[in-house]
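The sequence and the structure are shown first.

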Amino acid sequence: MKGLRGDILLILMVMMLFPMFAFSAETDQYLTWGIELKDSADKLNKYFNDTLSDYLEKVNKRAKPIEDPEELTVAIYYHFFQFLGWSRFRTFIRHDPEIEKYPNMSIGARKYQRMSIHRGFAFPYILPMARTIRVGDIYFGIDKMCHFLGFGRRYYQKYCEYIKEGLSEEEAMRKVVLWGVVHEDNLVGKLVDGIFSHGDLEANFQGFCLARDLCGGNPPYIERVDGKWKLVRPIDLRNYITPGFDESYNNSHFWAMRKRIVLRILTNEYCDKLQLPEVQKRFEQYKKYELSFSQKVIQEYFEKKGKNPQKEQSIYTLCLKKHEKQTPMEEVHCPSIDNKHS
């Protein structure tokens, strides 16, 4: 009991001292199993490219325009996202009626939470719920775009620092990914909401990838033309949104009371749904995507620690354990839980 009180006190102190680190919200893609959403890629791409082009025009008209590509990239990311409570991109997604969300906005936040895997008493973890949208093949929570822009910018800034220090591109990327892991395991994940979100980390990394490509890609998206910054080719966000954003596929792992509640719900309510043709079709499509550099580094990180809580808490592991309890061991036949990440 004494240890539990200490844990709660620590969590409350972190939440009071570090509110700026709470980029994310709770989200639940399991709810969309068997649901097909309209693809919003065209809408998001148009908004992103139009907003970016408009911003570049404003930059070019300044009395003292931005000269440095790195400074411009950081300014662009700030323009789209400053902090969780103020984000142009998230506001657009939430309020555009043509972007189909699940559950739709007629469902209140409390009802959504009661529908989700995050229902139940899990003090002191109280965060907003992010709706799910679809972009291309991928289903993911709107909160991932906050990570994409907020932590994508931070990854990019740290990456540039490491490159200036003389690190190779791979060494610099590895360092920023591991920096993200430490933060997710402490200030922005586990201690704030009881969730270590592998989906958040993937969104962080892919946001970094776009930041790096904006002015430095091969070819870049933005170039200096006649002394003015110009978007020379459109950005397709589908190139940066991967199956790793979907938390029912690239599952989170949980801590304390959150773990007890969520794992029980997954075991009791989603093992049968895992075999739905719509779910299997979605996951088969996801398997066509190669794991990102970030996902590979994170896998190596947990392998070195000798414990992989993501794998231990995956729907495949939970359902296998449930099946073993219900069926004599000699009759058990279940696909390898490693298939998801193969």
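## Backbone and surface features

Asp 226 is exposed, since its relative accessible area is 76%. In this predicted model, Asp 226 sits in the loop between strand 8 and strand 9. Its phi is near 55 degrees, a positive value in a residue other than glycine. Most residues other than glycine have a negative phi, and most peptide bonds are trans.

A positive phi near 55 degrees also occurs at Ala 256, a residue of helix 10 (residues 256-269). Ala 256 is partly exposed, with a relative accessible area of 35%.

Pro 103 lies in the loop between helix 4 (88-95) and helix 5 (109-115), whereas Pro 219 lies in the loop between helix 9 (198-216) and strand 8 (222-225).

Arg 233 belongs to the loop between strand 9 (228-231) and strand 10 (253-254). With 28% relative accessibility, Arg 233 counts as partly exposed. Although Arg 233 and Asn 49 are 184 residues apart in sequence, their C-alpha atoms are 9.3 Å apart in space.

Lys 259, Lys 305, Lys 307, Lys 321 and Lys 325 form a positive surface patch. Of these, Lys 321 is placed in helix 14 (residues 315-326) and is partly exposed, at 46% relative accessible area.

Helix 7 (residues 169-184) has 16 residues and should span 22 Å at 1.5 Å a residue; the 23 Å between its end C-alpha atoms agrees with this. Its buried residues include Trp 179, His 183 and Glu 184.

Conventions
Residues are numbered from 1 along each chain as its sequence is written. This is a predicted model: local features need pLDDT of at least 70, side-chain atom pairs count only at pLDDT 80 or more; totals for chains, interfaces and linings use all residues. Side-chain values use heavy atoms; hydrogens and water are left out. Patches are made of residues with over 30% relative accessible area and no salt bridge: like charges are joined within 9 Å, nonpolar side chains (Val, Leu, Ile, Met, Phe, Trp, Tyr) within 5 Å. Accessible areas come from the Shrake-Rupley method with a 1.4 Å probe; for residues, only the protein chains shown count as cover. A salt bridge is a side-chain nitrogen of Lys or Arg within 4 Å of a carboxyl oxygen of Asp or Glu. Lys and Arg count as positive and Asp and Glu as negative; His and the chain ends are not counted. The place of a charge is taken as NZ of Lys, CZ of Arg, CG of Asp or CD of Glu. Helices (H or I, at least four residues) and strands (E, at least two) are DSSP runs, numbered from the N terminus. Buried means under 20% relative accessible area, exposed over 50%, partly exposed in between (1.4 Å probe, protein chains only). The expected span of a helix is 1.5 Å times one less than its number of residues.
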